[in-house]
Amino acid sequence: MANVRDIEMKLPSLDDLFSSQEERDDAKLKRIYEIPLGEIDPFPDHPFKVRDDEDMMNLVESVRANGVLTPATVRKKEDGRYELLSGHRRYRACQLAGLEVLRCEVVEMNRDEATIFMVESNFQRTTILPSEKAFAYKMRLDAMNRQGHRSDLTFSPVDKKLRSGQELASAVGDSQAQIYRYIRLTELLPEILDMVDEGVVAMRPAVELSYIPKLQQGQIWESMELEGCTPSYAQAIRMRKLSEDHKLTPEAIDAILMEQKPNQKERIVLRGERFSRLFPPDLPVSKREDYVAAAMEHYARFREKQRSRDDAR
């Protein structure tokens with residue numbers, strides 16, 4: 001006979017006693033609702049861009065044909081409206097597809113929990129721009145620091161920041177130093193940050209430029225646009241040092257940018273309004289060389305046809 005002490009007795013809970021199996025099974029499922037788009041607000045300062053590009057048009061067609069297969073995630077706000085945590089692209093696709101509701105899972109979270117969840121869920125995207133990482137890391141780290149401040153009074157603010165940075169690095173795969181480099185990008189002028197997203201300005205020079213006041217960043221951006229070149233890491237360090245010494249003038253910026261870099265080949269610089277007005281307004285600086293080359297090739301073919309007609313006369 002088995003020893004009574006060896007037999008594990010599992011008594012049913014009150015919920016099990018006074019609920020049906022159907023109710024218990026239903027309670028385990030996520031609650032999915034169809035919420036009108038007009039009752040859903042985007043997450044404040046959402047750092048991830050939603051573009052009406054080719055991928056979005058494909059998503060719109062999918063939504064028209066099949067609906068939203070993966071529900072978005074929202075939380076209920078105090079005013080009765082809903083705040084979108086994940087699914088901003090699905091929300092936009094529903095708008096473009098002419099749908100009036102979005103399938104959503106409703107969760108209960110406070111502001112900091114919602115911020116961390118929003119960043120984590122959007123990091124599943126295939127492509128994330130440097131600017132998106134920059135603001136996402138900053139938002140998540142700020143939320144983690146606030147959570148640590150409330151829950152643990154035995155650490156100094158510096159200790160908590162270090163712990164949060166280490167925890168975030170473990171979660172996202174970037175080193176702690178790289179995370180703080182990304183966060184520095186939030187101090188850049190938007191026009192320069194766009195150039196980082198386009199791959200025109202490299203990460204390390206951009207970090208150095210972020211320490212320069214915005215007014216001087218504007219002068220640097222104007223000079224980059226005019227001269228058609230960007231600073232190397234060493235040149236960005238020199239600009240930062242001159243700025244700290246109150247010696248970074250527009251003339252100094254131009255002189256630094258016009259220096260020939262070790263790996264830089266001979267180039268033609270198109271200066272002034274005469275040339276800048278000929279480029280399409282939405283053409284990135286990084287594409288101007290290709291644009292000029294295509295225009296010259298087109299003109300060369302035109303000249304060749306003209307010569308052929310002259311020879312035939």
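Mentor: Before we dig in, the protein chain has an average pLDDT of 82, and 78% of the residues score at least 70; pLDDT is the predictor's confidence in each residue, from 0 to 100. This is a predicted model, so to speak: local features need pLDDT of at least 70, side-chain atom pairs count only at pLDDT 80 or more, and totals for chains, interfaces and linings use all residues. Residues are numbered from 1 along each chain as its sequence is written, and side-chain values use heavy atoms, with hydrogens and water left out.

Trainee: Which elements have the lowest and the highest mean pLDDT?

Mentor: Helix 2 (residues 21-28) is lowest at 49, and helix 10 (residues 203-209) is highest at 97. Helices (H or I, at least four residues) and strands (E, at least two) are DSSP runs, numbered from the N terminus. Over residues 1-10 the pLDDT is below 50, and this stretch has 1 contact in the model beyond near neighbours in sequence. Contact means heavy atoms within 4.5 Å.

Trainee: And how many contacts does the model have for residues 149-156?

Mentor: There are 7 beyond four places in sequence, with pLDDT under 50 over that stretch. Where pLDDT is low, the predicted coordinates should not be read in detail.

Trainee: OK, on to the sheet. What's the strand order?

Mentor: The order is 1-5-3-4-2, in an open sheet of 5 strands with mixed pairing. Strands count as paired if DSSP finds at least two bridges between them. Strand 1 (32-36) and strand 2 (40-41) are the edge strands, each pairing on one side only. Helix 4 (residues 88-97) packs on the sheet and touches strand 2, strand 3, strand 4 and strand 5; its direction makes about 115 degrees with that of strand 4. For those angles, axes are lines fitted to C-alpha atoms, for helices over the stretch in contact, and angles run from 0 to 180 degrees between N-to-C directions.

Trainee: What does strand 3 pair with, and in which sense?

Mentor: Strand 3 runs parallel to strand 5 (residues 101-107), joined by 4 bridges, and antiparallel to strand 4, also through 4 bridges. For instance, T73 has E105 in strand 5 as its bridge partner, while R75 has E83 in strand 4.

Trainee: Where does R81 sit?

Mentor: R81 is in the loop between strand 3 (72-76) and strand 4 (82-86). Those two strands form a hairpin with 5 residues between them, and G80 in the turn has a positive phi of about 90 degrees. R81 counts as partly exposed, at 28% relative accessibility. Leaving aside neighbours within four places in sequence, its contacts include G38, E39 and D41. The C-alpha atoms of R81 and D41 are 7.4 Å apart, though 40 residues separate them along the chain.

Trainee: Which residues of helix 8 are buried?

Mentor: I179, Y182 and I183. Seen down the axis of helix 8, its buried residues fall within an arc of 100 degrees, so they line one face of the helix.

Technical notes: Buried means under 20% relative accessible area, exposed over 50%, partly exposed in between (1.4 Å probe, protein chains only). The arc is that of the directions from the helix axis to the C-beta atoms.
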